[in-house]
Amino acid sequence: MKTYLVTFSPTGTSRKVGEAVARGISETYELIDLTRPRPAEKEISADSVVIISLPVYGGHAARPALERMKNIRARSGAKGVALVVYGNRDYENALTELGVAMRGAGFAVVAGGAFIGEHSYSCARYPIASGRPDRSDLGQALRVGRAIGEKLATGKVAEVELERIERPADPPEATRRFKSGAAKILAASQAPRTPTADESRCIRCGRCTAVCPTEAIAGGDECHTDADRCIRCCACVKACPARARSYDSPFAPLLFLNFSARKPNRTLL
Ligand SMILES: Cc1cc2nc3c(=O)[nH]c(=O)nc-3n(C[C@H](O)[C@H](O)[C@H](O)COP(=O)(O)O)c2cc1C
């Protein structure tokens, strides 16, 4: 059986979780990285298992990931593992959407999971799930991969209902505070449309251009970000070696205040 990891992962957490699950299934696997634009078309053979791991944006499966997944088709019989990675708030519709997209591409979805990753907006002042997935998370992901591999080896695998995975339970007042704060931010259009770049710090290394998943930063013009292309994923902020880029999200204090308690990963197979 051939194993693939398909991921869209601007700040690397979805990829780390997916890699651990893939390694649990098989020592060798092929990576299909959808983080770069315009991925090649790919047909997956029937005797394959494909892990798809992507982030949650606004309670949905990251839109560019679903778009880029359209280049992947599975032959009948190929198995899929659906993974979403979220920043310690909630994943809402994301796992269901990923499941629908995977079944649409021809996969039988035999396992799934919702894992925690450091929030893209996490910073020193407002850490949100900082450092996750950590050793314990990745150990869990590896064990889940092993269990999937063992199950596949028996030949007796059934499709799973991803909706059976428990959603995070937050105190109702935390959810209420977050929702009303978020509504105010959105109504006042307070969220900056792009990260800012400090010209005096920028060393023109081009790292931001290289990691941007939507080609919003042109090489040679690194201190300008195209607001129409930017998805505010913070890949450029986290990758900048000179700390020249920052994204001061008004959501960060709200998330920090209401969703700092460690949440468990949830899986189903
Ligand atoms: C635009 C945007 C929206 C996000 N929305 C959510 C959300 O609704 N719930 C949540 O818990 N985390 C949310 N996050 C955090 C990401 O899901 C989380 O940081 C994830 O680990 C990022 O994955 P990556 O490292 O593969 O890019 C959001 C991040 C961004 C950039």
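Reader: In which loop is Ser 189 found?

Author: The model is a predicted one. In it, Ser 189 has a positive phi of about 45° although this residue is not a glycine, whereas most residues other than glycine have a negative phi. The residue belongs to the loop between α5 (172–187) and β9 (196–197).

Reader: Is Ser 189 buried or exposed?

Author: The cut-off for an exposed residue is a relative accessible area over 50%. Ser 189 has a value of 59%, and therefore counts as exposed.

Reader: What is the relative accessible area of Arg 204, and where does this residue lie?

Author: Arg 204 is another residue other than glycine with a positive phi, near 55°. Its place is the loop between β9 and α6 (207–211). Arg 204 is partly exposed, and its relative accessible area is 43%.

Reader: Which element gives the most residues to the shell around the ligand?

Author: The ligand sits in the largest pocket. Two or more residues of the shell come from each of α1 (13–25), β4 (48–57) and β7 (79–86). The element that gives the most, with three residues, is β4.

Reader: How much of the area of the ligand does the protein bury?

Author: A side-chain N or O atom of Thr 11 is 2.4 Å from an oxygen atom of the ligand, and a polar side-chain atom of Arg 89 lies 2.9 Å from a ligand oxygen. Asp 90 places a backbone N or O atom 2.9 Å from a nitrogen atom of the ligand. Of the 650 Å² that the ligand exposes when taken alone, the protein buries 94%.

Technical notes. Residues numbered from 1 in each chain as written. Predicted model: local features only at pLDDT ≥ 70, side-chain atom pairs only at ≥ 80, totals over all residues. Heavy atoms only, no water. Polar contact = N/O pair within 3.5 Å; in protein donor to acceptor, adjacent residues only side chain to side chain. Areas by Shrake-Rupley, 256 points an atom, 1.4 Å probe, with all protein chains shown as cover. 1 Å grid on protein atoms, 1.4 Å probe; cavity = no way out; pocket = protein on both sides within 12 Å on 5 of 7 lines; lining within 4 Å. Sits in = over half its atoms within 2 Å of the grid points. Helix = DSSP H or I, 4+ residues; strand = E, 2+ residues; numbered from the N terminus. Buried < 20%, exposed > 50% of the residue type's maximum accessible area, 1.4 Å probe, protein only.
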